[in-house]
Amino acid sequence: MPVLGLTMTEGTIQSWLKRVGEEVKKDDPIVAVETDKAVMEVASPAAGVLREIVAPEGARVPVNQVIAYLAAPGEAVVPTRRPPAPAAPGETPASTAPHPRPRATASIPTQPRPPSAVPPSSQPKAMPRYPAPVDGSERERLLWMYRTMRRIRAFDERVVVLFSAGRIAGALHSYVGEEAVAAGVGVNLRSDDYLVSTHRGHGHLLAKGGDMSRMMAELFGKVDGYCRGKGGSMHITDVSLGILGANGIVGAGVPIATGAGTAVHLQGTDQVVVCFFGDGAANIGTFHEGVNLAATWGLPVVFVCENNQYAQFTPQRMHTRVADVYRKAEAYGIPGVAVDGNDAAAVATASAAAIDRARAGQGPALIEAKTYRWYGHAINNPASAIGRDETEIAAWKARDPIPRLERRLLDEALASEDELRGIDAAVAEELEKSIRFAEASPTPAPQDALRDVYAELPEGAEL
Ligand SMILES: Cc1ncc(C[n+]2csc(CCOP(=O)(O)OP(=O)(O)O)c2C)c(N)n1
Ligand SMILES: [Mg+2]
């Protein structure tokens, strides 16, 4: 039984969506599971044939207990009465093995995995509406990045307006201008990979499959929002999509990513963790600790510094003597590279190399994407827009990453004008739908203010 949410301790099999003997493709929905929060479809961790269902419909199963076995493609499908013999400690049962990854560099001490544990890449990941075409053609990848940048731009431009109109409350950090970074990294992320975001997270979340309507509802403070309207912009999380959270604490994402990388490493899958952080965060102690440990243990974490030249109101030259953050990689013995953060294709190329490397067990890397935010530090703080030189802002706006990719798609005849305008129209519709969804959603009840704040004890448990 996969872990489908932070508070889930068991799940009920609602219905099997495949029959024994049926072929399944990787990421095919295979079973519907009811958790303590919702009914979710579980995606198949690998291609193969459903060999045996261990947990029938209606069964309540604790997390990490086997619910079914998959046979590899071509392997005989003979349903057995009993589950196969448990694997030896530290070994993965052959029929469910999730893309084992060689680990050349890591020296992390490992615990033997309990024999009954389901390997983690068989944990379901909800499928995003627009899954990244990781192995797609150049055209598919560029078009996905175009759509993703348009979605991010549309969302973050509109929330500025909605904030000014008093429809959104709380702290809000615009990602406008930086879209190429999230899109260029996101195009290389599988749905079962992990992402750790920042306070400026809307773009990261959308690029990893975050639902625009639930994000908008969260900003509106409504119950259908990701945190039931009680968290706001900086707490949006969707573990089922591998989104380990936006974060209001600068630099705090780095050790979270290293922790997730440690988990992936111990579980032996080929998932990758991407950690976004800012140029300001690169001066925080957690950055040093998190990157150093990930490097020492050879963890599959790709650190992506979004160097937008400012930390709040402070220009980079006033908060560090090292303008090229990528050079800090050398201090930890990992590769570091700088990339034009306003060129989605360049970000995609650099991040593909780092992600492939991490997936192959060769440890972390540091990418510095040089970019710029068009708005002030925080939309809710008008003063944060003051203090920057207008010509500097204009120069960066002239390097807008979206028309840049659009030009390339048209010049190289990879897309037609009609096709791009079709994408723009679909994005506009998605945005309007998200606002209607947020408006229609109820406001949380006062008596629920402390709900979902603390973990609830499972039924029957005592402190
Ligand atoms: C530990 C901590 N210190 C200070 C702050 C206040 N703060 C919020 S955002 C920010 C600047 C972060 O700059 P950077 O990491 O470059 O990210 P950017 O806002 O430029 O995307 C600061 C200092 C905070 N939230 N957390
Ligand atoms: Mg910054």
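1. Among the contacts in the protein chain with a separation of 6 or more, 72% are between residues 24 or more positions apart; a contact means that two C-beta atoms, placed from the backbone, lie within 7 Å. Of the chain's 463 residues, 46% count as buried, that is, with 20 or more other C-beta atoms within 10 Å of their own.

2. This is a predicted model, in which local features need pLDDT of at least 70, side-chain atom pairs count only at pLDDT 80 or more, and totals for chains, interfaces and linings use all residues. Residues are numbered from 1 along each chain as its sequence is written, while chains are lettered from A and ligands numbered from 1 in the order in which they are written.

3. The protein chain has a mean pLDDT of 88, with 89% of its residues at 70 or more; pLDDT is the predictor's confidence in each residue, from 0 to 100. Over residues 78-106 the pLDDT is below 50, and this stretch has 61 contacts in the model beyond near neighbours in sequence. For residues 109-120 the pLDDT is also below 50, with 26 such contacts.

4. The protein chain holds eleven helices and 14 strands, taken as DSSP runs (helices H or I, at least four residues; strands E, at least two) and numbered from the N terminus.

5. One open sheet has five strands in the order S8-S9-S10-S14-S13, with parallel pairing; two strands pair if DSSP finds at least two bridges between them. Strand S8 (194-196) and strand S13 (336-340) are the edge strands, each pairing on one side only. Neighbouring strands of this sheet are turned by 20° against each other on average, direction ignored.

6. Within that sheet, six bridges join strand S10 (residues 301-307) to strand S14 (residues 365-370), and Phe303 has Leu366 in S14 as its bridge partner. Helix H8 (residues 344-359) packs on the sheet and touches S10, S13 and S14, its direction making about 170° with that of S14. Such angles run from 0 to 180 degrees between N-to-C directions, with axes fitted to C-alpha atoms, for helices over the stretch in contact.

7. An open sheet of three strands has the order S2-S5-S7 and antiparallel pairing. Strand S2 (23-24) and strand S7 (68-71) each have a single partner strand, so one side of each is left without a neighbour in the sheet. Four bridges join S5 (residues 48-53) to S7, and Val49 is paired with Ala71 of S7.

How values were computed. Buried ≥ 20, exposed ≤ 12 C-beta atoms within 10 Å, placed from the backbone.
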